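Subject: Structure handover

Hello,

Here is the structure I promised to pass on. Please open it alongside this note; my findings follow below.

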Amino acid sequence: MFYNGFRSAQPNMTRIYLDNNATTIVDPLVRQAMEPFFCDQYGNPNSLHQFGTEVHPALRTAMNRLYAGINAADTDDVIITGCATESNNTVLKGVWFDLMRAGAKDHIVTTSVEHPCVGNTARFLQSLGAKVTFLPVNHDGRVEAQAVADAITPRTALVSVMWANNETGIIFPVKEIGEVCRDAGVLFHTDAVQAIGKVPVDVQEVPVDFLSFSGHKFHGPKGVGGLFVRRGRRLPPLLHGGEQMANKRAGTVNVASVVGMGLAMDLAVQNLDYEDREVRRLRDRLEDGLLALPDTMVVGRRELRVPNTVFLSVRGVEGEALLWDLNKAGIAASTGSACASESLEASPIISAIGAGPELSHTGVRLSLSRFTTEAEVDAVIRVFRRAVERLRAISSAY
Ligand code: 7TS
């Protein structure tokens, strides 16, 4: 069921990919399903001739798979976007234009550990006059529902809290937060980019108004995302233009990508048990192997995290230096968000959990997928330990 055949092109070169929170390999089945829509069935779905209409069945199947994957009702909307960044921008700016710009509400509640496409959008809205509360995480790396309840005022229009954090994998209590928002009459958005395919995501169980996801985080293609909008919620489009997506997002639908993301969603849901059992087992094996090194710390209790992520802090070693050593050995990991990998700032989340400045530069994120093997995990443990020992030996900080 799990394919390693595609690796055989370079049998002698180590290529171990543990950066699946940044992006994932396209499942070969997804790639195969996308192929016909580049050169054979390349019509624009809005065209009335056969080239246009012949893509409709595949698009319909893909959309049904997306609805089913998050348990949306067919009266809800799932809008196709170009990425989760666009989905998140659509929600925050849409609520601003619709409810806040000239209305009685001017307040957004979010967290200090959202992806920059939420955090920086909120800061942009601040520059236009919105009031934004950035809730800090507690020592568990989470924002509790009570903190959200305490931050809501009669002027609050929107709460935006991620389902799972991209750096640590820590899961936020979105069901409770959704209930708080529903009771307070405040719109609730969650960025579920790091949750899809890792934990069940069910919009009937969790009272969200808006939910964002991104194809390339669950073995679909890059450059396509989705936005769930619950029935009856108003959200002006971010992109105005043609009548695609029932006037909710203009621009020619990227047929191949939607087909790919639809199948990727279906496979992600089918593999949730595997994720929970086998990916978790490998992640725990990796984590135990790395924690055997002295003076190491993992951020976030295991039971609070998605099954694929470990964020490890190694005293006396710069995260970037460690990544360099791993990369030389053919192993891909990251210091957190690739979007922030050019900056050498202390990790805000490590700082937030109170680990102290000496640990906050030393975070390394390892994120697995259903394609990760036990042999790879064991190889990473060996290389990682060697790298840490080497770097500590030459470090003045250890
Ligand atoms: N939201 C979260 C929680 C993310 O982790 C990311 C990408 C995005 C939104 C943006 O998604 P996109 O579809 O616009 O690409 N996060 C990361 C990361 O953690 N490392 O590299 C990219």
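**Aromatic pairs and a charge over a ring**

At 2% relative accessibility, Phe218 counts as buried. Please keep in mind that this is a predicted model. Phe218 pairs with Phe213, with 6.4 Å between the ring centres and 50° between the planes. That pair is tilted. Phe213 is buried too, because its relative accessible area is 0% and the cut-off is under 20%.

How many aromatic pairs are there by this rule? The count is 2. Tyr42 and Phe51 form a tilted pair, because their planes stand at 45°, between the limits of 30 and 60 degrees. Their ring centres are 5.8 Å apart. Phe51 has a relative accessible area of 34%, which means that it is partly exposed.

Then look at Tyr398. The charged end of Arg392 sits over the ring of Tyr398. The distance to the ring centre is 4.2 Å.

**Helix packing**

Two packed helices are described by the angle between their axes and the distance between the axes. Here are two cases.

Take helix 12 and helix 14 to begin with. Helix 12 covers residues 319-328, and helix 14 covers residues 374-393. Their axes lie 10 Å apart, at an angle of about 130°. Helix 12 is therefore oblique to helix 14. The crossing of these two helices is right-handed. On the helix 12 side, the contact residues are Ala321, Leu322, Asp325 and Leu326. They meet Val383, Phe384, Ala387, Val388, Arg390 and Leu391 of helix 14.

Now helix 4 and helix 10. Helix 10 spans residues 255-270. The axes of helix 4 and helix 10 come within 8 Å and cross at roughly 40°. This crossing is left-handed. Helix 4 contributes residues including Ala58, Leu59, Ala62, Met63 and Leu66 to the contact. Gly69 and Ile70 of helix 4 also take part.

**Leu286**

Is Leu286 buried or exposed? Leu286 is buried, because its relative accessible area is 0%. Leu286 is in helix 11, residues 272-291. Leaving aside residues up to four places away in sequence, Leu286 touches Leu18, Val310, Leu366, Leu368, Val377, Val380 and Ile381. Take Val310 from that list. Val310 is 24 residues from Leu286 along the chain, and their C-alpha atoms are separated by 8.5 Å.

**Positive phi**

Most residues other than glycine have a negative phi. Two residues are worth a look here.

Asn71 is not a glycine, yet has a positive phi of about 60°. Asn71 is in the loop between helix 4 (56-70) and strand 2 (77-81). Its relative accessible area is 34%, so Asn71 is partly exposed.

Asp295 is not a glycine either, and has a positive phi of about 55°. Where is Asp295? Asp295 is in the loop between helix 11 and strand 9 (296-298). Asp295 counts as partly exposed, because its relative accessibility is 41%.

Best wishes

Conventions
Residues numbered from 1 in each chain as written. Predicted model: local features only at pLDDT ≥ 70, side-chain atom pairs only at ≥ 80, totals over all residues. Heavy atoms only, no water. Phe/Tyr/Trp six-rings, centres within 6.5 Å; stacked < 30°, edge-to-face > 60°. Buried < 20%, exposed > 50% of the residue type's maximum accessible area, 1.4 Å probe, protein only. Lys NZ or Arg CZ within 6 Å of the ring centre and 35° of its normal. Axes fitted to C-alpha atoms, helices over the stretch in contact; angles between N-to-C directions. Helix = DSSP H or I, 4+ residues; strand = E, 2+ residues; numbered from the N terminus. Parallel < 35°, antiparallel > 145°, perpendicular 65-115°, else oblique. Left-handed = near helix turned anticlockwise from the far one by under 90°. Contact = heavy atoms within 4.5 Å.
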